[in-house]
Every structure is written in structure tokens, then in C-alpha cells.
Amino acid sequence: MGKITQSLVKIIFTTICISITECSSSTYIGKLFNIAKNEEFIPDNIIPEVGHLRNIVTSSVMDCNEECVKHSKCTQTNVEQLTATTWNCDLFGLGRGAKISSPGHLHYFVPMSECPGVFLTTIHSGSSYCISHETLTWTDAEMKCLEYGATLATIEDSSEQADLVAYLLNNAQPSMSYNIGLSDRAEPEVWVWSGTGTTATYFSWGGADPQVANNERCVTMCSHRSYKWCDVQCSSLLGYICER
């Protein structure tokens with residue numbers, strides 16, 4: 001099956017079940033997921049609401065995956081047989097984590113989508129970036145990066161900042177600013193990188209920022225400040241930079 005996004009999975013399943021008189025969940029839901037046998041997904045839960053979503057007991061493997069399709073954020077499951085007629089079912093979002101060997105477990109997952117602009121490996125040594133001109137809120141941008149198997153960019157030092165600025169000055173859309181993975185949403189004035197869960201020690205603020213009094217809790221590389229950082233309202237529609 002081709003690589004598809006989480007939202008498209010929901011649309012495909014809904015369309016199938018509306019257009020076919022006898023919709024067999026075991027037939028059609030099974031086509032939406034890849035399977036890894038004797039493997040278990042362990043989420044890192046760094047990014048809220050996209051790690052472990054729910055635990056239930058179902059009567060079959062496909063019942064578990066059907067519950068995943070029904071959940072707006074679910075893209076993967078762990079399934080383990082408990083008895084002849086019951087299965088333990090864990091639902092997970094797009095969050096990152098480890099896949100470990102676990103006899104008896106089945107790990108189902110929706111294939112990831114690809115960054116339309118491809119991940120660039122020549123901007124800064126040791127990192128690859130997807131620079132997207134699509135305008136999204138900070139949260140939606142983080143979710144989109146997760147679909148690409150990445151997170152919003154973590155800028156760790158002045159060298160990385162300089163390399164990204166050099167690229168944007170020559171390649172960015174005119175007047176477009178770009179979300180990065182820094183915010184103080186959890187605690188005011190404690191700036192944390194979404195990709196690592198660590199508190200920032202390097203900053204490249206522009207002008208008088210940060211200005212948390214204005215409910216500006218998310219950070220962007222601002223075009224009007226030569227891509228130094230601005231804190232903005234998280235609902236602002238901006239471009240974004242994914243990193244993996």
C-alpha cells in the first residue's frame with residue numbers, strides 16, 4: 001500500500017464502508033495497517049497526546065484495529081492474546097518511541113507519509129530538515145512532522161541557527177516565518193524543545209522577545225527579523241521546519 005496520512009486513512013475507511021454493502025472490517029481495516037510480528041511499540045510520551053492513547057480488551061485483533069481507526073489520533077496498536085476469546089489492545093498516536101522484540105505481541109501501524117519537499121541533509125551537519133511553506137498552527141505543524149517520522153526542529157547552538165538562516169535567506173518564501181519546536185506551553189518562561197523534551201539552553205531571540213504576557217507561547221524563525229526567533233501565539237498560521 002502506498003504511503004498515506006492519518007487523516008486519509010480515516011477517509012478511506014469511511015468511504016469503503018459507505019460504498020460497499022457488506023463492509024468486512026477484517027478485510028478492509030487489515031489493508032490500512034502494516035504488521036510487525038513478535039514486536040511491541042513502547043512510546044517515549046515526550047509529546048503530549050500522541051503517545052499511549054487507550055487500553056482496552058477486544059474480542060479479536062481486527063476489533064482492536066477498528067477501534068484505532070475510530071480514534072482521531074490513533075495510527076498504531078499493540079495487540080496481545082489474553083485468552084482464546086480476548087485480546088489486550090493498546091492504541092497509540094504518532095508519537096515516537098522504541099520498537100522492541102516481544103514474543104506473542106503484534107504491532108500494527110499506518111505507514112508514514114513523506115515530506116513533499118524531501119528532507120535536506122546539506123543544511124547542517126548531522127541533521128536533515130524538511131522546510132514546509134504550508135501554513136499551519138504550531139500544534140498542527142508538530143503533528144505533520146510526526147507524520148514524516150520527525151519533529152519540529154530543535155536548534156541546539158549558534159552554528160545550527162546560522163546554517164538554517166543562511167538556507168532560509170536564499171530559499172524561503174517571501175515574508176514567511178517558520179515554526180520550530182520550542183514553546184513554553186507547559187510552564188510560562190520555561191522553554192522546552194518538543195523533539196527532545198529538554199529545556200533550551202541556547203536562544204536566538206530577535207527584538208524584545210520573548211513576550212509571554214501576550215499569550216505568545218510558541219516560537220518561530222521570523223522573516224522580519226532575519227530569522228531570529230519570535231514568540232507567537234500558537235494558533236498563528238505559519239510555515240514550519242521538521243527535523244530528523
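The secondary structure of the chain consists of five helices and twelve strands, where helices (H or I, at least four residues) and strands (E, at least two) are DSSP runs numbered from the N terminus. This is a predicted model, in which local features need pLDDT of at least 70 and side-chain atom pairs count only at pLDDT 80 or more, while totals for chains, interfaces and linings use all residues. Residues are numbered from 1 along each chain as its sequence is written, and side-chain values use heavy atoms, with hydrogens and water left out.

**The chain as a whole**
- Of the 244 residues in the chain, 48% are buried, that is, under 20% relative accessible area with a 1.4 Å probe, protein chains only.
- The chain exposes about 11,700 Å², of which carbon and sulfur atoms supply 51%; such areas come from the Shrake-Rupley method with a 1.4 Å probe.
- Among contacts (heavy atoms within 4.5 Å) with a separation of 6 or more, 70% join residues 24 or more positions apart.

**The five-stranded sheet**
- An open, antiparallel sheet is formed by five strands in the order E1-E5-E3-E4-E2; two strands pair if DSSP finds at least two bridges between them.
- Its edge strands, E1 (34–43) and E2 (52–58), each pair on one side only.
- From one strand to the next, the twist averages 30°.
- Five bridges link strand E3 (residues 76–81) to strand E5 (residues 97–109) in the antiparallel sense.
- Thr77 has Tyr108 in E5 as its bridge partner.

**A helix on the sheet**
- Helix H3 (residues 61–70) packs on the sheet and touches E2, E3, strand E4 (87–92) and E5.
- The direction of H3 makes about 155° with that of E3; axes are lines fitted to C-alpha atoms, for helices over the stretch in contact, and angles run from 0 to 180 degrees between N-to-C directions.

Notes
Buried means under 20% relative accessible area, exposed over 50%, partly exposed in between (1.4 Å probe, protein chains only).
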